[in-house]
Amino acid sequence: MTSPDPAHAALVRLVRDEGRRVLATLVRHTGDLQLAEDAVQDAVLRALDTWPRTGVPPQPRAWLTLTARNRAVDLVRRESARTGKEAEAVSLLEPPANEPPEMLRDDQLRLVFTCCHPALALETQVALALHTLCGLSTAEVGRALLVPEATMSKRLTRAKQKIARAHIPYRVPDAAELPDRLHGVAATVYLLFTEGYGRADGATAADEALRLARLLHGLMPDEPAVLGLLALLLLQDSRRSTRFTAAGDAVPLADQDRARWHRPSITEGVVLVGEGLRRSPGRPDPYVVQAAIAACHALAPTSCDTDWAAVLSWYDVLLTVHDTPVVRLNRAVAVGECRGPQAAMAELDSLATLSGYPLWHATRAELLVRLERVDEARTAFDEALALPLGEAQRRHVAGRRAALVDEAAGESRHVSGLTGSRRASESIPTILG
Amino acid sequence: MTLYAALIYGAELDRGDGSPREMSSEYAEFGKAAAAVIRGGEGLYPTSTATVVRVIGGKGGDVVTTDGPYAETKEVLNGFYLLECADLDEAIATAARIPGAWHGAVEVRPVIEFK
């Protein structure tokens, strides 16, 4: 239903945006996610049908809320006529008294914490976030996450069933739980972002993750984790248009056209990093620190100007609040840039628990290339390729291995063509567990 | 309010005909602390006492029994509680206080309330 008419496109966007907000309120009114979705979808369709003829009502959100409520009452009545139960319909008939505007804010927050509840699998949380919080249809969610529509439909139905049957609550966690739960929400949004960011055709997932991060920032502007998350996403996203070639091949950080990095995103991200650090002075939030590392890269005019000493210091800070093998692997790359490949190799050797992780082998391979240990580098590339890798990353690693073979076939052990460019850092995504 | 079953899984335990003192005091403590939400619950004898019953061919068919538990796993069902809680968060918080969750795992499942 794409229309070339910009007025119509704006109307569709308005209806969709308001529909998302109305859904959060309807969930509170009905206490039932599936019922609220059905009712809001009906109201949205009616709006798209009538507004082009009648014009947009003065209060579109109120119109949608009322229409959806009436529809929900219809649905409940129909159901109670079928089962002989009457009680539920009655409470819905009472229109709530005038609700203060902050109620909508709280409705949205409650729904965020429901969709990102730790009792749901992380992949389910990501799908629910796209479907329920971003308003994507089941088919669109499937496309964004590379899952067949039928599978996605089942996953979403099961998730909504679990929410209803197990009574996963609609509420904002209290102050004591909030930091933990907020990190859960941030992890979901970040996973959604990386899902899209890692592929040339992943714009939808990355865009929606950014939208969710902005929504969270609007709802909880003072939370360091939220500031850090939005900053991290903006800084990484600033490079989006330069990360893949037209053919869909990954372009390493060092080779990206920095003139095409999106400056406004970088500026906004850097400001948010500063604010996040000010708000968590004693124990910086892991997302804020990761964003600070991303800022070091974003602010370097050229790859050679990267302040690797600063990057390494931030990784040392990150280890104090989020010590994982993957963070240590990323730190080892910075060690390699600051102290040379030999020092980085020592760090990597102490991380042998990562031998099932392809990027550990790929990073080792790059260091071995710099140490001119070509045969070992080739073996390490092979080991990386034997493990599961994203398509773009697989092509990149295979290309690096092929370059190595070409040079060796030219009877030359000289590998300066490879060592000259410092590639490893972009190929390793920073991941918060 | 929702009724939840908290199914306590862990290593095979043989508590004899009563529990070792320490275990029973931990459970007694939990029973007291969570009395407001506990609606029932029992401990089970070890799986060596289990008999699995199947009726071949459906209702009225041949009754076939097998000695031992339904599935051979490292973690076995050692007992259960019925908990009546406001929502899953309260059920999870309660389950986390069951001593069995400290060494094994507690599976929390909503109970179907047939009307």
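## Helix 17 of chain A

Helix 17 of chain A, covering residues 358-370, has 13 residues and reaches 19 Å from its first C-alpha to its last, which is close to the 18 Å expected at 1.5 Å a residue. Since 13 of the 13 residues of this helix are buried, helix 17 is largely enclosed by the rest of the structure. Just after helix 17 of chain A comes Glu372(A), whose phi is positive at about 60°.

## Model and confidence

The structure described here is a predicted model, and the values below should be read with that in mind. The average pLDDT of chain A is 87, and 89% of the residues score at least 70. Over residues 411-433 of chain A, however, the pLDDT is below 50, although this stretch has 49 contacts in the model beyond near neighbours in sequence.

## The two chains

In chain A the secondary structure comes to 21 helices and zero strands, and buried residues make up 41% of its 433 residues. Of the contacts in chain A with a separation of 6 or more, 62% are accounted for by residues 24 or more positions apart.

Chain B, by contrast, has three helices and six strands, which run from the N terminus on in the order β-α-β-β-β-β-α-α-β. Its C-alpha trace spans about 45 × 40 × 20 Å along the principal axes, and buried residues make up 19% of the 115 residues in chain B. Residues 24 or more positions apart account for 73% of those contacts in chain B that have a separation of 6 or more.

Between the C-alpha atoms of Tyr27(B) and Thr73(B), which are 46 residues apart along the chain, the separation is 24 Å.

## Contact between the chains

The contact takes six residues from chain A and five residues from chain B. On the side of chain B that touches chain A, the residues divide into two charged, two nonpolar and one polar.

## The largest nonpolar core

The largest nonpolar core has 125 residues, and those with the most contacts inside it are Ala129(A), Val189(A), Ala209(A), Leu229(A), Ala231(A), Ala291(A) and Ala6(B). Helix 11 of chain A gives the most to this core, with 10 residues. Both domain 1 (1-94) and domain 2 (350-433) of chain A give residues to the core, so it lies between them. In soluble globular proteins, nonpolar side chains tend to be buried together.

## Helix 10 and its surroundings

Helix 10 of chain A, residues 203-219, has 17 residues and reaches 24 Å from its first C-alpha to its last, close to the 24 Å expected at 1.5 Å a residue. The buried residues in this helix are Ala205(A), Ala206(A), Glu208(A), Ala209(A), Leu210(A), Leu212(A), Ala213(A) and Leu216(A). These buried residues pack against helix 5 (102-115), helix 6 (122-133), helix 7, helix 9 and helix 11 (224-237) of chain A.

Helix 6 of chain A contains Val126(A), which counts as buried because it has 26 C-beta neighbours inside 10 Å. When its neighbours within four places in sequence are left aside, Val126(A) is in contact with Leu145(A), Thr188(A), Leu191(A), Leu192(A) and Glu195(A). Val126(A) and Tyr190(A), although 64 residues apart in sequence, are 9.3 Å apart in space, C-alpha to C-alpha.

## Positive phi in two loops

Leu146(A), a residue other than glycine, has a positive phi near 55° and is found in the loop between helix 7 (138-145) and helix 8 (149-165) of chain A. With 12 other C-beta atoms within 10 Å, Leu146(A) is exposed.

His167(A), also a residue other than glycine, has a positive phi near 55° and lies in the loop between helix 8 and helix 9 (178-197) of chain A. With 20 C-beta neighbours inside 10 Å, His167(A) counts as buried.

Notes: Residues numbered from 1 in each chain as written. Chains lettered and ligands numbered in written order. Predicted model: local features only at pLDDT ≥ 70, side-chain atom pairs only at ≥ 80, totals over all residues. Contact = placed C-beta atoms within 7 Å. Nonpolar A, V, L, I, M, F, W, Y, C, P; charged D, E, K, R; others polar. Helix = DSSP H or I, 4+ residues; strand = E, 2+ residues; numbered from the N terminus. Expected span 1.5 Å × (residues − 1). pLDDT = per-residue confidence, 0-100. Core = buried A, V, L, I, M, F, W, Y, C linked by C-beta atoms within 7 Å. Domains from an automatic or database assignment.
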